[in-house]
Amino acid sequence: MTGFLRNATFSSLIAVAVVALLGCAPALAQIRIGLMVSATGPTSAIGIPQKNTGEILPRSIGGQSVEYVSLEDGGDSTRAVQNARKLIQEDHIDALIGPSTTPNAFAILDVVAEHEVPMMATVGTATIVEPVDAKRRWVFKTTQNDDLIAAALLAHMRKTGVRTVGMIGFNDPYGENWFKVFGAMAQHAGIAITGTERFSRTDQSVTGQALKLIAGHPDAVLIAAVGGPAVLPQATLVDQGYKGKIYQTHAVATDDFIRLGKEKVEGTVLAAGPMLVIDEIPDSNPTKAVARAYIAAYAARFGNAPATFGANTWDAGLLLERAIPAALKVAKPGTEAFRVALRDALEQQREVVGCQGVFNMSPSNHNGMDDRARVLVTVKGGKFRLLAE
C-alpha cells in the first residue's frame with residue numbers, strides 16, 4: 001500500500017511537471033519586442049506617433065506570436081537606462097525598437113551591447129550606428145543619417161547662392177553631430193560657417209545666441225534641433241529682424257513645428273522622408289505604396305494620420321518582420337542564440353522598402369538608406385510642400 005502511494009505520488013509529480021512544461025512552451029516560443037518612446041516631455045510630438053505605431057505592429061511573425069512591451073522615458077536619459085534594464089532583464093525582450101531621442105539612444109548603448117540585444121534606433125544621428133564597432137554591431141537605425149540630409153541642404157544652398165551659413169543647435173549628441181557633419185561638408189562645398197551657437201531642449205530664450213548669429217551676416221542659418229523646440233531659435237531670429245534663408249533638419253517633420261511656428265516658419269527649407277509630402281511625390285517612388293498602407297492602418301486605429309516619426313517605428317517593424325523568420329530557423333525566441341541570429345539576419349536585409357526609404361543593410365552599414373530616403377521640402381501656406389531639387 002505504501003509503495004502504491006509512493007508510486008502514485010511520483011506519478012502525480014511527473015504529471016504536474018509535464019503540465020508545467022507544456023504550459024511554459026508557448027511562452028518560450030513567443031517573441032518579445034520592447035518599445036521605448038518619449039511620448040511625454042519636449043519631444044512628445046515624436047514619441048506619441050511611435051508609441052501608437054507600436055500598437056499596430058504585427059502580432060504574429062514566422063508562425064510565432066509577438067508581444068510588444070512599451071515603456072515611456074519622458075525624454076529622460078536616466079529613465080531610459082532604467083527602462084532598458086527592465087525590458088532586457090525582467091521582460092526578456094528579443095529586440096528593442098526605440099528610443100525616440102538621440103541622447104537616450106546613446107545612454108542605453110552600453111546596456112544593449114552588454115546583453116547583446118538588437119536595437120532598432122529611431123533617431124537621426126549617424127554616430128549611433130557608425131562606426132560598427134563592438135557596441136554598435138547591435139544597433140540598427142531607421143531614420144536618415146545626418147549626412148544624407150545635409151547633402152540635400154547643401155545642394156539647395158549652392159543652387160540658391162548661399163555662401164555663408166550660421167548654425168544653432170542642441171547642446172547634446174543630436175546638435176553636436178550636426179555641427180560636426182555639416183561643418184565638414186560645408187567646407188568641402190565651399191560654404192563658410194560664420195558662427196555656431198548652442199541651446200538646451202528646455203531653454204525658454206535664445207535671444208543672445210540669435211543676436212550673435214545675426215552679427216555674422218550669414219546668407220542663411222541652419223537650425224539643428226528637434227520638433228517643437230526647434231521653433232524657438234527660428235522665431236527668435238525672425239523677431240530680431242533676420243531676413244536670410246532658414247534651414248531645418250528632418251527632425252522638424254511634424255505638424256507641431258508648423259502649429260507652433262505659424263507664419264514665422266513660412267519658407268523654411270528642410271530635407272525629409274518622402275512620406276512627409278506623400279500626396280506630391282510621384283507614384284513611381286517605391287516608398288509611396290508602403291507609406292499609404294501604414295497611414296491607412298494608423299488612421300483606422302487612431303482616427304488621424306501619423307507624423308513621419310511614427311514611420312520610423314513602422315519601418316523598424318518591417319525590418320524585424322523580414323529578419324525574424326531567418327532567426328527562428330536557428331534558435332528559439334528568448335535565447336541568446338536567437339538574438340545573435342536576429343542581428344545577423346538584420347545585416348542581410350536588402351531592398352526592404354519602407355515608409356521612409358529603401359534599406360540595404362550590411363555588416364558595415366546598419367542604416368542602409370540612400371537618396372531614395374529624402375526629398376527637399378519647404379513650408380508654404382502653413383503646410384509642408386515638395387520643393388524641386
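These legends describe close-up views of a predicted model.

**View 1. Six strands form an open sheet.** The strand order is β2-β3-β1-β4-β5-β6. Pairing in this sheet is mixed. Where does the sheet end? Its edge strands are β2 (60-61) and β6 (139-141). Each edge strand pairs on one side only. Helix α12 packs on the sheet and touches β1, β2, β3 (64-72), β4 and β5 (119-121). The direction of α12 makes about 170° with that of β4.

View 2. Strand β1 covers residues 31-37, and β4 covers residues 95-97. These two strands pair in the parallel sense over 3 bridges. Leucine 35 stands opposite isoleucine 97 in β4. β1 and β3 also run parallel, joined by 7 bridges. In that pairing, isoleucine 33 faces tyrosine 68 of β3.

**View 3. A hairpin links β2 and β3.** Here the pairing is antiparallel, over 2 bridges. Isoleucine 61 stands opposite glutamine 64 in β3. How many residues lie between the two strands of the hairpin? There are 2. Glycine 62 sits in the turn, with a positive phi of about 60°.

**View 4. Helix α12 meets helix α13.** Helix α12 spans residues 308-328, and helix α13 spans residues 336-346. Their axes come within 8 Å and cross at roughly 125°. An angle over 145 degrees would count as roughly antiparallel, so α12 and α13 are oblique to each other. Their crossing is right-handed. From α12, the contact uses Leu319, Leu320, Ala323, Ile324, Ala326, Ala327 and Leu328. From α13 come Phe338, Ala341, Leu342, Ala345 and Leu346. What classes of residue make this contact? The contact of α12 with α13 has 12 nonpolar residues, no polar ones and no charged ones.

**View 5. Helix α2 packs against α12.** The axes of α2 and α12 are 7 Å apart, and the packing angle is about 40°. Angles under 35 degrees count as roughly parallel, so this pair is oblique. The crossing of α2 past α12 is right-handed. Ala45, Ile46, Pro49, Gln50, Thr53 and Gly54 represent α2 in the contact. They meet Phe309, Gly310, Asn312, Thr313 and Trp314 of α12. By class, the contact of α2 with α12 has 5 nonpolar, 6 polar and no charged residues.

**View 6. Helix α2 also crosses helix α11.** Helix α2 runs over residues 44-54, and helix α11 over residues 287-302. The two axes come within 10 Å and cross at roughly 90°. That angle makes α2 roughly perpendicular to α11. On the α2 side, the contact is made by Ile48, Pro49, Asn52 and Thr53. On the α11 side, Tyr294, Tyr298 and Phe302 take part. The contact of α2 with α11 divides into 5 nonpolar, 2 polar and no charged residues.

View 7. The unit consists of β9, helix α9 (residues 231-239) and β10. Is the unit left-handed or right-handed? The β-α-β unit is right-handed. Strand β9 covers residues 220-224, and β10 covers residues 245-248. β9 and β10 pair in the parallel sense over 4 bridges. The bridge partner of leucine 222 is tyrosine 247 in β10.

Notes
Residues numbered from 1 in each chain as written. Predicted model: local features only at pLDDT ≥ 70, side-chain atom pairs only at ≥ 80, totals over all residues. Heavy atoms only, no water. Axes fitted to C-alpha atoms, helices over the stretch in contact; angles between N-to-C directions. Parallel < 35°, antiparallel > 145°, perpendicular 65-115°, else oblique. Left-handed = near helix turned anticlockwise from the far one by under 90°. Contact = heavy atoms within 4.5 Å. Nonpolar A, V, L, I, M, F, W, Y, C, P; charged D, E, K, R; others polar. Pairing = 2+ DSSP bridges. Right-handed = clockwise from strand over helix to strand, strands pointing away.
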